[in-house]
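This report is for a reader who meets this structure for the first time. Please look at the sequence and the model before reading on.

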Amino acid sequence: MLYTKNRIQYTLCMKKVMNLNDLAANVLQQQRSTPDVIADTLREAILRGILQEGQSLRQDEIATKFGVSRIPVREALRQLEAEGLVTFHLNRGAMVSVLSPNEVQEICEIRSALEVMAIQLAIPNLAESNLEKAAMILDEINRVTDATSWAKQNWEFHAALYTLANRPRLLKMIQNLHTNMFRYAHRQMEQVDYLESSQKEHYQLLDACRQKDTKAAVKILKRHIDAAANQLQP
């Protein structure tokens, strides 16, 4: 597993290549409801850094871009508000949410509490097929070259384990926290040492789950999330 400078440079230039129009064209090809299509496009733009923290999201401009009224745009923005990606301000409208260092720390602390609960509930139910699926995702993470794909595969790995907790509301809460942190994935991909350490912890967590060692899994998971929190601090 090697995270080279070439991969990092490729990751950073991807943000410049893609724009909101490109994302909209891709998502519009899918058979989804209009608010969902708009939400998917804006979410992807936020996570890729095309829409920056604090950037205004004018409903009339978005409606024009998609050729729709402001009603589905408003619904889409409310979806993203529920996910923590958009904030509504009085007299200023919707903006891409800004997370302070304290808020990033808080999200990681909540992640730790919820994910520890999830892994404790999941381990007794994990079958070999679940573990093999998680292992395959780790192999895919070794090959990704852009920050957004890395963040999504990172979530897929954790979800492959947590799903067996059989707590769908808990899983959704954890997913929203991960989604909020996706936008910072490019920072993490700039740190080769962090990526290698993170992936090493993934394999350690998988091994603890395979051994049904809940105590070890909890310890590894807490260390893993703490490392992510520390890496994202200024």
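The text below goes from the whole protein to single residues.

This is a predicted model, in which local features need pLDDT of at least 70 and side-chain atom pairs count only at pLDDT 80 or more, while totals for chains, interfaces and linings use all residues. Residues are numbered from 1 along each chain as its sequence is written, and side-chain values use heavy atoms, with hydrogens and water left out.

**Overall picture**

The protein has twelve helices and three strands. Both kinds of element are DSSP runs numbered from the N terminus, with helices (H or I) of at least four residues and strands (E) of at least two. Of its 234 residues, 49% count as buried. Here buried means under 20% relative accessible area, exposed means over 50%, and partly exposed is in between, with a 1.4 Å probe and protein chains only. The exposed surface comes to about 11900 Å², and carbon and sulfur atoms supply 50% of it; these areas come from the Shrake-Rupley method with a 1.4 Å probe.

**Helix α12**

Helix α12 has 19 residues and spans 27 Å from its first C-alpha to its last, close to the 27 Å expected at 1.5 Å a residue. The expected span is 1.5 Å times one less than the number of residues. Its buried residues include A217, L221, H224 and L232.

L47 lies in helix α3, residues 34–47, and P72 lies in helix α5. E83 is found in the loop between α5 (70–82) and β2 (86–89).

| Residue | Relative accessibility | Contacts |
|---|---|---|
| L47 | 6% | L85, T148, T179, F182, R183 |
| P72 | 12% | T34, P35, I38 |
| E83 | 14% | R43, N176, T179, N180 |

T179 is in contact with L47 and also with E83. L47 and M181 are 134 residues apart in sequence, yet their C-alpha atoms are 8.5 Å apart in space. For P72 and V37, which are 35 residues apart along the chain, the C-alpha separation is 9.5 Å.

**Loop residues with positive phi**

Which residue sits in the loop between α8 (147–162) and α9 (168–182)? N166 is found there, and N166 has a positive phi of about 60° although it is not a glycine. K212 also has a positive phi of about 60° without being a glycine. K212 lies in the loop between α11 (192–210) and α12 (214–232), and it counts as partly exposed because its relative accessibility is 40%.

**Rings and cysteines**

The count of aromatic pairs comes to zero. The rule pairs rings of Phe, Tyr and Trp (its six-membered ring) if their centres lie within 6.5 Å, with planes under 30 degrees apart counted as stacked, over 60 as edge-to-face and the rest as tilted. R78, however, lies over the face of F88, at 3.8 Å from the ring centre. A charge sits over a ring if NZ of Lys or CZ of Arg is within 6 Å of the ring centre and within 35 degrees of the ring normal.

A search of the whole structure finds zero disulfides, a disulfide being a pair of cysteine sulfur atoms within 2.5 Å. C108 is buried, with a relative accessible area of 4%, and C209 is buried at 0%.

Notes: Contact = heavy atoms within 4.5 Å.
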